[in-house]
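Here is a short report on selected features of one protein model. Keep the sequence and the structure open as you read.

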Amino acid sequence: MINDPNAEGGRKGLDSVFVLSQTQTQTIENDKENGVIEACSSTGNGNSIVSCESCSSVTESSLPSPPACSVRPIYRQFWRAGNYEVEDRSGLKAQKQDGKNHLRVHPLFLHSNATSHKWVFGAIAELLDNAFDEVRNGATFVYIDKISNPRDGSPALLIQDDGGGMDPEALRHCMSFGFSDKKMTIGQYGNGFKTGSMRLGADAIVFSRQGKIRTLTQSIGLLSYTFLRQMGYERIVVPIVDYEFNSSTNTFGPIPEHAQEHFASNLSMLLTWSPYKTEEELLQQFDDIGQHGTKIVIYNLWLNNDGNMELDFDSDPEDILINGQPKIHKEDDCTKAGSDQHVANRCHYSLNAYLSILYLRLPQCFNVVLRGRIVEHHNIADDLKFHEFILYKPQAGDNEAVVVTTIGFVKEAPHLNVHGYCIYNRNRLILPFWNGRQVTTNWVGRGVVGVLEANFIQPTHNKQDFEKTPLFQKLDDRLKQMTNEYWRLHCELIGYKTLRKEKVTSSSQAPQLDFVVSKRKRSDIHRPWSEQGSDMNSKEPNPPQTDTGHDGGLLPGKRLENQDEHSRKMILMREHRRLRLQVMESKKKEKELNSKVQQLRSELQLAQLEYKMLLLESRTGIKFSG
């Protein structure tokens, strides 16, 4: 936390500070009676949300002193940092401008808004999504690392990309709430930067350079919970400075349209409350950005309830862990050690593991770099054995969605107790190894894992869950059925026996976990997956039928039916093995053909080289050996 004796200097020239309001209107007010200041940074763009054509002058002498209760240090633990005491406002009058009331956003909202992220890695993913969306603007990497705060030596988190960057107006939209021009991308709510950065630390400074418009510009913005708390402000103010490239002097300088006093006051607050004490140090942060890109430095990182840093940078120099991760079992306990090391468990406390599965598809031109090493992309579907593809067609409004689920056993099955579905939305992982409402009993579903991309349902704003709509509940039911049906048909492949016991259920009940299914459902298992589709939840099952006579024994017809059902299962299993052998044979032939192609390419290159040498000999008369 920054406690600078010159902190009061950050209050000079507040008429230039960019202010966020709930209605996204920025105004200048000097209300001595209420003791409230609201201001913005002029951009010279009348159409901009941060334009300030009606800005009036605010002198330093008119600024109210912050309340005594507001300058106390904030809690370093995130979940206690929202204990924000404010002065009594019962006697204050409602503020008006042009006869209209204007809503204000209290700094406390920065904290309460960030509490949507219960999991700290979810906050990091929000910031990475913004970098991933920049692939369309030429981004080739996003870099995550620990750096040192030059002001006090404390650890800080760096997230940097080489995307298109942000111009002055775009940076102000980034600092505002709800502005987003993204369509069909991961980020679409215009809130990810605020929730992500404020969940990780109390303060964040952004450096962005872009060259999309006629001139090259670079901007610096500071979103600081520490600054707002210690200065006692009751609205969110964000100091921003903008520079543009002067081709005649080959240097960056303040944008001429911005008044010099506005620029100086914002710069004063940046130097007071950011990790950088001089303008030269600030501008040096652009040295490794290049022609375009964005760098985010989050500092004053939060502590957990035990008083330790939430992020653990020290245990693994090539990873970032969450402090308090589960104890790793020794290698002599192979089963537990294997379970601990599986990505399904490691992704909860290892950032490297989580980032490896964060995106379903990763462009070849884009890399996620964590602490100097490229994170290897991990496709969960590639780890499955005896996998199948199941088609599901839910009715989403007036349209019918198409979802293909890859389902199979993890390669370590049956020794590894990992199961669940990795559910993606628009290429982004929302629920990793999710079991929903299902509880595995009697080993049913053990080792069954699925991967699907569900774009027909909406994720929550923190992108760590889905909205609990009826459409999602239908998906939940269908995935539960997929698990049970897949296990029932394939569990013998990994050494388990098919359950023979069948219980009678009422027609109003859904299939139970121990394969307690109605008569119609049992026969439907042998229909093609594509025919089952989305109607499995919509049709009412037939009334239950019993398989016993009056004496309690199986009827003869039922015995034959059970034997016939078992025979059909065995035929399906043999057919499955035959198809797998064909696939393996095809892969072997493909490998041989690829090897032959490489050999022919080598021979072609050798022939071309010999041709060039012969051609050179014919022209020069000089004979070359071998």
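The sections below cover the basis of the model, salt bridges, a helix, a group of strands and a surface patch.

## Basis

This is a predicted model; local features need pLDDT of at least 70, side-chain atom pairs count only at pLDDT 80 or more, and totals for chains, interfaces and linings use all residues. Residues are numbered from 1 along each chain as its sequence is written, and side-chain values use heavy atoms, with hydrogens and water left out.

## Salt bridges

The whole structure holds ten salt bridges (a side-chain nitrogen of Lys or Arg within 4 Å of a carboxyl oxygen of Asp or Glu). One of them joins Asp-129 and Arg-428, with the closest N and O atoms 2.9 Å apart. Asp-129 sits in helix 2 (residues 120–132) and Arg-428 in strand 23 (residues 428–434), so the pair ties together parts 299 residues apart in sequence. Helices (H or I, at least four residues) and strands (E, at least two) are DSSP runs, numbered from the N terminus. Both Asp-129 and Arg-428 are buried. Buried means under 20% relative accessible area, exposed over 50%, and partly exposed in between (1.4 Å probe, protein chains only).

Asp-242 and Arg-172 also meet in a salt bridge, at 2.9 Å from N to O. Asp-242 belongs to strand 11 (residues 240–246) and Arg-172 to helix 3 (residues 168–175), so this pair ties together parts 70 residues apart in sequence. Asp-242 is buried, at 0% relative accessible area. Arg-172 is buried, also at 0%.

## Helix 11

Helix 11 (residues 470–490) has 21 residues. From first C-alpha to last it reaches 30 Å, close to the 30 Å expected at 1.5 Å a residue (1.5 Å times one less than the number of residues). Helix 11 is mostly covered, with 17 of its 21 residues buried.

## Strand 8 and its partners

In strand 8 (residues 201–210), ten of ten residues are buried. Strand 8 pairs in the antiparallel sense with strand 13 (residues 293–301) over eight bridges. It pairs in the antiparallel sense with strand 9 (residues 217–224), over eight bridges. Strands pair if DSSP finds at least two bridges between them. Arg-209 stands opposite Gly-293 in strand 13 and opposite Gln-218 in strand 9.

## Surface patch

Phe-389, Val-402 and Val-404 make a nonpolar surface patch of about 300 Å². Patches use residues with over 30% relative accessible area and no salt bridge; like charges are joined within 9 Å, nonpolar side chains (Val, Leu, Ile, Met, Phe, Trp, Tyr) within 5 Å. Areas come from the Shrake-Rupley method with a 1.4 Å probe; for residues, only the protein chains shown count as cover. Val-404 lies in strand 21 (residues 403–410). Val-404 is partly exposed, at 45% relative accessible area.
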